[in-house]
Amino acid sequence: MATEETLVLVKPDGVARGLTGAILARIEAKGYALVDIRLVEPDRETLAQHYAEHEGKPFYEPLLEFMLSGPSVAIRLAGNRVIEGFRSLAGTTDPTTAAPGTIRGDFGRDWGLKVQQNLVHGSDSPESAARELAIWFD
Ligand code: DAT
Ligand code: MG
């Protein structure tokens, strides 16, 4: 099987809280390869492309505002089954109930905001990964 790639973002809350290193340590300990990594300050158009599937949902505007609130770290990550593997490391979307041992479960919680600040993004399918990597790395 060809080695797979995924897009990981350490979102503004992760960067602001100084958790980038801790998150990268988990990714590296799992054995995935960092192919490319950079600090990014996306504009609204880039984020609208990235989150196009969520346009119109109640959390869409708060999500874009949150993602515009500070820099993120974008990572091109490689390894066999890395898409599902990173989603497993990240934990489920809601950090309050994400399993302990996951990034979201260990470092995240409900801050009483309209958007879930859950520290990381990971592509959810090969199609999403290809689309998202083109947005952030081309
Ligand atoms: P994931 O990031 O786990 O793939 P998603 O793609 O469904 O989740 O949603 C994108 C982001 O939007 C998510 O990381 C946090 C926010 N979000 C999703 N559902 C939400 C909700 N019901 N309330 C508030 N924020 C939400
Ligand atoms: Mg998603």
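Modeller: For the residue classes, Ala, Val, Leu, Ile, Met, Phe, Trp, Tyr, Cys and Pro count as nonpolar, Asp, Glu, Lys and Arg as charged, and the others, Gly among them, as polar. By that scheme the shell around ligand 1 is made of four nonpolar, four polar and four charged residues. This is a predicted model, in which local features need pLDDT of at least 70 and side-chain atom pairs count only at pLDDT 80 or more, while totals for chains, interfaces and linings use all residues. Residues are numbered from 1 along each chain as its sequence is written, chains are lettered from A and ligands numbered from 1 in the order in which they are written, and side-chain values use heavy atoms, with hydrogens and water left out.

The residues around ligand 1 (those with a heavy atom within 4 Å of it) are K11, Y51, H54, F59, L63, R87, T93, R104, K114, V115, Q116 and N118. Polar contacts, taken here as pairs of N or O atoms within 3.5 Å, reach oxygen atoms of the ligand from several side chains: a polar atom of K11 lies 3.0 Å away from one, a polar atom of R87 is at 2.8 Å, and an N or O atom of T93 is at 2.6 Å. Taken alone, ligand 1 exposes 520 Å², and the protein buries 78% of that, by the Shrake-Rupley method with a 1.4 Å probe.

Ligand 1 sits in the largest pocket, in the sense that more than half of its atoms lie within 2 Å of the pocket's grid points. A pocket is an open set of points on a 1 Å grid over the protein atoms alone, where a 1.4 Å probe fits, with protein on both sides within 12 Å along at least five of seven lines, and its lining residues have an atom within 4 Å of a point. The volume of the largest pocket is about 380 Å³, and of the 19 residues that line it, K11, Y51, H54, T93 and N118 are the closest to its centre. By class, this lining has five nonpolar, seven polar and seven charged residues. Both β4 (120-122) and α7 (126-137) supply at least two lining residues each, and β4 gives the largest share, three residues; such strands (E, at least two residues) and helices (H or I, at least four) are DSSP runs, numbered from the N terminus.

Technical notes. Polar contact = N/O pair within 3.5 Å; in protein donor to acceptor, adjacent residues only side chain to side chain. Points joined across faces, edges and corners; volume = space filled by probe spheres on them.
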